[in-house]
Amino acid sequence: MTNKEFAEILEKRTTQFAIQIINLSASLPHTTESLVVKNQLTKSGTSIGANYREANRSRSKKDFKNKIKICLGEASETEYWLEIIEEINWINKNKIDFIRKEIKEFMAIFTSIANKL
């Protein structure tokens with residue numbers, strides 16, 4: 001698989017992930033407290049793909065690496081909010097297992113990319 005093919009697959013994957021995050025966020029309870037978490041989760045979870053897309057259109061290796069590190073940071077933040085949601089029991093653990101697995105894979109991928117540059 002070429003770098004370009006990998007990038008296209010990962011772009012699609014991060015887009016699908018953003019949709020899953022939006023759907024998860026929409027299913028959270030409608031309380032004052034959950035609104036804060038919903039907003040943070042949606043912002044960090046959807047920005048992973050947006051920043052990855054920007055990285056693929058960067059002007060230099062340094063710019064690419066910086067944007068990949070932003071993706072990693074957003075993925076880490078998303079994982080944090082998912083942990084909070086799980087600990088509070090706002091969503092059944094089985095409902096977010098796939099999303100938690102996907103975020104861990106994104107973190108591994110972005111870490112690997114950043115370390116290779």
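Which residues does Phe17 touch, not counting residues up to four places away in sequence? In this predicted model, Phe17 touches Gly45, Ile48, Thr78, Ile99, Glu102, Ile103 and Phe106.

## Packing of α1 against α4

Helix α1 spans residues 3-27, and helix α4 spans residues 93-116. The two helices pack at an angle of about 145 degrees, and their axes lie 11 Å apart. The crossing of α1 and α4 is left-handed. On the α1 side, the contact is made by Phe6, Leu10, Arg13, Thr14, Phe17, Gln20, Ile21 and Leu24. On the α4 side, it is made by Ile96, Phe98, Ile99, Glu102, Ile103, Glu105, Phe106, Ile109, Phe110 and Ile113. By type, the residues of this contact divide into 13 nonpolar, two polar and three charged.

Ile109 shows one part of this contact. The residue sits in helix α4, and outside its sequence neighbours up to four places away it touches Phe6, Leu10 and Arg13. Is Ile109 buried or exposed? Its relative accessible area is 17%, so Ile109 counts as buried, the cut-off being under 20%. Between the C-alpha atoms of Ile109 and Lys61, which are 48 residues apart along the chain, the separation is 17 Å.

## The largest nonpolar core

The largest nonpolar core has 28 residues. Those that touch the most other members are Phe17, Leu24, Leu41, Tyr52, Ile68, Ile103 and Phe110. Helices α1, α2, α3 (61-88) and α4 are the elements that give two or more residues to this core. Which element gives the largest share? That share comes from α4, with nine residues.

As background, nonpolar side chains in soluble globular proteins tend to be buried together.

## Buried lysines and a buried serine

Lys38 is in helix α2. This lysine is buried, because its relative accessible area is 11% and the limit for buried is under 20%. Leaving aside neighbours within four places in sequence, Lys38 is in contact with Ser25, Ala26, Leu28, Pro29 and His30. Lys38 and Ile22 are 16 residues apart in sequence, and their C-alpha atoms are 8.8 Å apart in space.

Lys67 belongs to helix α3. With a relative accessible area of 15%, Lys67 is also under the 20% limit and is therefore buried. Its contacts, leaving aside neighbours within four places in sequence, are with Asn51, Glu54 and Ala55. Ser47 lies in helix α2, which runs over residues 32-56. At 14% relative accessibility, Ser47 counts as buried. The side chain of Ser47 reaches the backbone oxygen of Ser44 at 3.1 Å.

## An exposed residue in a loop

Asn89 is in the loop between α3 and α4. Is Asn89 buried or exposed? The relative accessible area of Asn89 is 61%, and exposed means over 50%, so this residue is exposed.

The backbone of Asn89 also has a phi near 65 degrees, which is a positive value in a residue other than glycine. Most residues other than glycine have a negative phi.

Notes: Residues are numbered from 1 along each chain as its sequence is written. This is a predicted model: local features need pLDDT of at least 70, side-chain atom pairs count only at pLDDT 80 or more; totals for chains, interfaces and linings use all residues. Side-chain values use heavy atoms; hydrogens and water are left out. Axes are lines fitted to C-alpha atoms, for helices over the stretch in contact, and angles run from 0 to 180 degrees between N-to-C directions. Helices (H or I, at least four residues) and strands (E, at least two) are DSSP runs, numbered from the N terminus. A crossing is left-handed if the near helix is turned anticlockwise from the far one by less than a right angle, and right-handed if clockwise. Contact means heavy atoms within 4.5 Å. Ala, Val, Leu, Ile, Met, Phe, Trp, Tyr, Cys and Pro count as nonpolar, Asp, Glu, Lys and Arg as charged, and the others, Gly among them, as polar. Buried means under 20% relative accessible area, exposed over 50%, partly exposed in between (1.4 Å probe, protein chains only). A polar contact is a pair of N or O atoms within 3.5 Å; within protein, one must be able to donate a hydrogen and the other to accept it, and residues adjacent in sequence count only if both atoms are side-chain atoms. A nonpolar core is a set of buried Ala, Val, Leu, Ile, Met, Phe, Trp, Tyr and Cys residues joined through side-chain atoms within 4.5 Å.
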